[in-house]
Amino acid sequence: MKSTINKTMVTLFLAITITISSLPISSFAQNCGCDPSLCCSQFGFCGTGNDYCGVGCQSGPCNTPSSPSSGSSGVLVSDIVTQDFFDGIISQADDSCPGKNFYSRDAFLSAISSYPEFGTTGSSDDSKREIAAFFANVAHETGRFCSTEENDGAATNDAYCDSSNTQYPCVEGKKYYGRGPMQVSWNFNYGPAGESLGFDGLNNPETLANDAIISFKSALWFWMNNVHSVLNQGFGATIRAINGALECNGQKPDQVNDRIELYQEYCGDFGVDPGQNLSC
């Protein structure tokens, strides 16, 4: 009786083992949702090093670009953000603008390889609206890709330092005013952005005005962490997520209207309805 039970158990164990080994690896991989400082590997596991950040890395501080992904919407961001579209924005900047020879479509496309869910989730129209919303906000923030730094790097008494933030303490002599396409500001943004993107955000905030790819990644980092989740509430929600405390509820209607007009223009370029709730 004991021998029969053991044989049965062995047979059952072998059957389970064969079944498990025949299933796709992704069936047992965890979903992307890693800490910003970790890479999401091609199989969906979080970690660091080439096994996670190398070939096939889906998000985070990847070492190599991911293959272009159309996501659930079937949209390729590179097909929407054409060279003509990008040039149409940056051509509005004066030749004297520091961003004129800094921002580029190539830098943007390199940056989105670290954020495969940007502009690729939901329906095709959802994707196009997200891309239009992103570029409307960054075009507004930078004056049509004119500025790389707030006030073009002019001296400011406001260092954007939250001294109460002990996790990301300000470094003496460093100023955390807006830089990059999204004009990322404050030490509590520079610190985690640096951890996620692989640069020292607190000691070297100037990186966002010196490295075009990391600069675009900082904008996408902010977008995916703070804006992407509110897209279903309408374009107005993106304004509120970015600068609502200063612009919304009638505080700066001209600023809000500029963002809305750009969004409507870009939606027209992409052939998509801008949707409802455009203002904040």
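Begin by selecting Cys248 and Cys280, which a disulfide joins, S to S 2.0 Å; a disulfide is a pair of cysteine sulfur atoms within 2.5 Å. The model is predicted: local features need pLDDT of at least 70, side-chain atom pairs count only at pLDDT 80 or more, and totals for chains, interfaces and linings use all residues. Residues are numbered from 1 along each chain as its sequence is written, and side-chain values use heavy atoms, with hydrogens and water left out.

The torsion about the S-S bond of Cys248 and Cys280 is about -95°, so this disulfide is left-handed. Cys248 is buried, with a relative accessible area of 1%, and Cys280 is buried at 16%; buried means under 20% relative accessible area, exposed over 50%, and partly exposed in between (1.4 Å probe, protein chains only).

Next, select Cys97 and Cys146, whose sulfur atoms lie 2.1 Å apart in a disulfide. Its torsion of about -85° about the S-S bond makes it left-handed. Cys97 is buried at 9% relative accessibility, as is Cys146 at 16%.

Then select Cys161 and Cys170, joined by a disulfide with S to S 2.0 Å. This link is right-handed, with 115° about the S-S bond. Cys161 is partly exposed at 34% relative accessibility, and Cys170 is partly exposed at 26%.

Finally, select Thr142, which is buried, with a relative accessible area of 1%. The side chain of Thr142 reaches the backbone nitrogen of Phe145 at 2.8 Å. Beyond its neighbours within four places in sequence, Thr142 is in contact (heavy atoms within 4.5 Å) with residues including Tyr103 and Gln183.

Terms used:
Polar contact = N/O pair within 3.5 Å; in protein donor to acceptor, adjacent residues only side chain to side chain.
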